[in-house]
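Thanks, everyone. I'll keep this short and go site by site. Here is the model.

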Amino acid sequence: MIIPIYIYGHPILRSECKNIDASYDGLESLIENMFETMYNANGIGLSAPQIGLAINLFIIDLSPYGDEDPSFLDMKEVFINPEIIEESGQEICHNEGCLSIPGVREDIERKSVVKLKYLDQNFIEREVEISGLFARVVQHEYDHLNKTLFIDYLSPLKKNIVNRKLNSIIKGKFKEEYPTVLKK
Ligand code: NI
């Protein structure tokens, strides 16, 4: 089932997210629906707040980039209650977008290496050190669980330029093929 994606301006994107445990109701179908929703919107990452749930959960699937790098084909994962332990390496600039902020793409600097622990779909605890695009998408989705959007990192000057677009987005003036939810 495709779930509508909550759009910039909706308070759920700035809400406190809670940890979940294995007894969370309907988790398996929720995860299945999140993947379906993400693929339908041509995304490579999706967090629970973006579908209206303030819980610590996000999913990633980099396999659409498998043509560029075959290792991306294996980078499909569910992250429950994730915790970034350390970010290291160089600050790297990368162009980011977000399914909740349609039509906005900006270069954002982030550290290149991320160490994090999380529970996988089977609630098995994992600790990984990742880099490259995988780390980048993890950082972006992890931010969603902490009320942070990539546009929050823009300089005041850049933010000023983007603000006009954001004001249109809040009013629903954007074109996307996937179902969305606006702030009432
Ligand atoms: Ni996003």
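Let's start at the metal. Cys 98 (SG), His 140 (NE2) and His 144 (NE2) coordinate the nickel ion, at 2.1 to 2.2 Å. Keep in mind that this is a predicted model. Along the chain, the donors of the nickel ion have the spacing C-x41-H-x3-H.

Where do His 140 and His 144 lie? Both are in helix α2, residues 132–145. They are four residues apart, about one turn of the helix. In general, an α-helix has 3.6 residues a turn, so residues three or four places apart point the same way. Both His 140 and His 144 are buried.

Next, the aromatics. How many aromatic pairs are there? The count is five. Take Phe 58 and Phe 79. Their ring centres are 4.7 Å apart and their planes are at 25°. The cut-off for stacking is under 30 degrees, so this pair is stacked.

Now place that pair in the fold. Phe 58 is in strand β3, residues 57–61, and Phe 79 is in strand β4, residues 76–96. The pair therefore ties together parts that are 21 residues apart in sequence. Are these two residues buried or exposed? Both Phe 58 and Phe 79 are buried.

Compare Tyr 65 and Phe 72. This aromatic pair is edge-to-face, with 6.5 Å centre to centre and 85° between the planes. Tyr 65 is partly exposed, at a relative accessible area of 32%. Phe 72 has 10% relative accessibility, so Phe 72 counts as buried.

The charged end of Lys 76 sits over the ring of Phe 35, 4.7 Å from the ring centre.

Phe 35 takes us to helix α1, where Phe 35 is one of the buried residues. Others listed as buried in α1 include Leu 27, Leu 30, Ile 31 and Met 38. Asn 33 and Thr 37 are buried there too. What covers the buried residues of α1? The cover includes β1 (5–6), β2 (45–47), β3 and β4.

A quick geometry check on α1. The helix has 14 residues, 27–40, and at 1.5 Å a residue it should span 20 Å. Its end C-alpha atoms are 20 Å apart, so the two agree. After α1 comes Asn 42, with a positive phi near 55°.

That's the tour. Questions, please.

Terms used. Residues numbered from 1 in each chain as written. Predicted model: local features only at pLDDT ≥ 70, side-chain atom pairs only at ≥ 80, totals over all residues. Heavy atoms only, no water. Phe/Tyr/Trp six-rings, centres within 6.5 Å; stacked < 30°, edge-to-face > 60°. Helix = DSSP H or I, 4+ residues; strand = E, 2+ residues; numbered from the N terminus. Buried < 20%, exposed > 50% of the residue type's maximum accessible area, 1.4 Å probe, protein only. Lys NZ or Arg CZ within 6 Å of the ring centre and 35° of its normal. Donors = N, O, S within 2.8 Å, 3.2 Å for Na, K, Ca; no water. Expected span 1.5 Å × (residues − 1). Contact = heavy atoms within 4.5 Å.
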